Amino acid sequence: MNTLKVNTSVHMLTMLMGTWLVVGIFVDGYAHNHRVPESFFTPWHAILYSGFVASALWIVGLIYVNKRRHGGTWRQAIPTGYGLGLIGVAIFLFGGIADMSWHLIFGIEQALDALLSPSHLLLMLGTLLIISSPFRYGWALSPDQPGWRHFFPILLSIALTVGVVSFFLMYLWTFRYNLPAPDVIEWYRSRTDPFFGIRVIEDLEIRGLSYILLNTLLFMSPVFLLLKRWQVPFGSFTFLFTFISVLMGVLDGFQQILAIPVSLMGGLAADLIYVKWRLGGSSTRGYRFLAIAVPVALWGSYFLSMALSGGIGWSPELWVGSIVQASLLSLALSILAISPARGSQ
């Protein structure tokens, strides 16, 4: 196994280029969502592909400098965790060529088609491999209790990774639709034949509950992944939750701005519980409490903000039950992710 080490500034520069690339993806998503007339050659594509070029040149250049400095084989010159990043560069390059060809032949995709386009899925895969390089490095070689300076590139790496995954699942983003809001429910009811109205509202409630549960997985999965490996600095989860919501807010021009403070509250709850329980020992009780309490804080804040701004259109059984079910799902995820040590509880 290659264990070539690099310093923190290298990972920060990798993340600078990666952030450039991911911002380009979200700006392009905003253009698609708002039906901005476009071709392949657009300003938002320029941001996206220039971010890729910067990331590609940086990773290739890093390997080249390591080869000149340390000698050995080209494979030995690849820093730990960056091998898949290099593969991601090749996949993204192929996906970019395929994307241009796809647009020239079939035109510009809109709405859900754009997210499921084969060339766009190749771009997603390439991006994920590139931006997760510092995370893979940190998983292999960073200390268990890193300070903010060493941990921030790792945290930003996983935040960008979850952000890109969320981008391609934007049609499941709870805050984008606010399906439990009374005005949303009334909008659907007014456009539905009365004979089918009850079924439509029921389907709407099923969608809303499904979005809450899937978004719970999006928020909590990286939390347990981080806790499985590190004792993270205070503020890590607040940054993670808020950063993801800020990125997703770009897609609709921050029309659902309340998503950001709601996510901040969920992340802050995770940080406070983490400090209170001093997680990292053999006992898993703190992890289980965090798993249950964070979804309560997150979705409790969501429904509270809705109640204060226009009311909740769901019955108490439905909105309270959705919070409980999200907590139970998070608890199950924590049991799978962080098992107790043998002989402990």
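The second largest pocket of this predicted model is lined by 18 residues, and Asn 178, Gln 256, Leu 258, Met 306 and Ser 309 are the ones that lie nearest its centre. About 270 Å³ of space lies in this second largest pocket.

**Second largest pocket**

- H9, H12 and helix H13 (285-309) are the elements that each give two or more residues to the lining of the second largest pocket.
- Which element gives the most to this lining? That is H13, with 4 residues.
- By class, the lining of the second largest pocket holds 10 nonpolar, 7 polar and 1 charged residues.

**Largest pocket**

- The largest pocket has a volume of about 360 Å³.
- Its lining is made of 22 residues, and those that lie nearest the centre of the largest pocket are His 32, Ala 114, Leu 115, Phe 167 and Met 170.
- Two or more residues of the lining come from each of helix H1 (8-33), helix H3 (83-106), helix H4 (112-116), helix H5 (118-131) and H8.
- H1 gives the most to the lining of the largest pocket, with 5 residues.

**Enclosed space**

- How many cavities of 30 Å³ or more are there? The count comes to 1, and the largest cavity has a volume of about 90 Å³.
- Residues that line the largest cavity include Trp 173, Phe 175 and Arg 176, along with Ser 245, Met 248 and Gly 249.
- Also in the cavity lining are Asp 252, Phe 254, Gln 255, Gln 256, Ala 259 and Ile 260. Gln 256 is also one of the residues that lie nearest the centre of the second largest pocket.
- Helix H8 (174-177), helix H11 (236-250) and helix H12 (259-277) each supply at least two residues of the cavity lining.
- H11 gives the most to the lining of the largest cavity, with 3 residues.
- The cavity lining divides into 6 nonpolar, 4 polar and 2 charged residues.

**Overall fold**

- The chain comes to 14 helices and 0 strands.
- The radius of gyration is 22 Å, close to the 20 Å that the globule rule gives for 345 residues, so the chain is as compact as a globular protein of that length.
- Along its principal axes, the C-alpha trace spans about 75 × 60 × 30 Å.
- Of the 345 residues in the chain, 50% are buried.
- Taking contacts between residues at least 6 apart in sequence, 79% join residues at least 24 apart.

**Salt bridges**

- Asp 144 and Arg 229 meet through their side chains in a salt bridge, at 2.8 Å from N to O. This pair links distant parts of the chain, 85 residues apart: Asp 144 is in the loop between helix H6 (133-141) and helix H7 (148-167), and Arg 229 is in helix H10 (residues 194-229).
- Glu 186 forms a salt bridge with Arg 189, and their closest N and O atoms are 3.4 Å apart. Glu 186 and Arg 189 are separated by about one helical turn because they are 3 residues apart in helix H9 (residues 182-190).
- Glu 186 counts as partly exposed at 42% relative accessibility, and Arg 189 also counts as partly exposed, at 43%.
- Asp 203 forms a salt bridge with Arg 199, with 3.3 Å between the closest N and O atoms. Both residues lie in helix H10, 4 residues apart, which is about one turn of the helix.
- Asp 203 counts as partly exposed at 34% relative accessibility, whereas Arg 199 is exposed, because its relative accessible area is 54% and exposed begins over 50%.

Definitions and conventions: Residues numbered from 1 in each chain as written. Predicted model: local features only at pLDDT ≥ 70, side-chain atom pairs only at ≥ 80, totals over all residues. Heavy atoms only, no water. Salt bridge = Lys/Arg side-chain N within 4 Å of Asp/Glu carboxyl O. Buried < 20%, exposed > 50% of the residue type's maximum accessible area, 1.4 Å probe, protein only. 1 Å grid on protein atoms, 1.4 Å probe; cavity = no way out; pocket = protein on both sides within 12 Å on 5 of 7 lines; lining within 4 Å. Points joined across faces, edges and corners; volume = space filled by probe spheres on them. Nonpolar A, V, L, I, M, F, W, Y, C, P; charged D, E, K, R; others polar. Rg over C-alpha atoms; globule rule 2.2 N^0.38 Å. Contact = heavy atoms within 4.5 Å.
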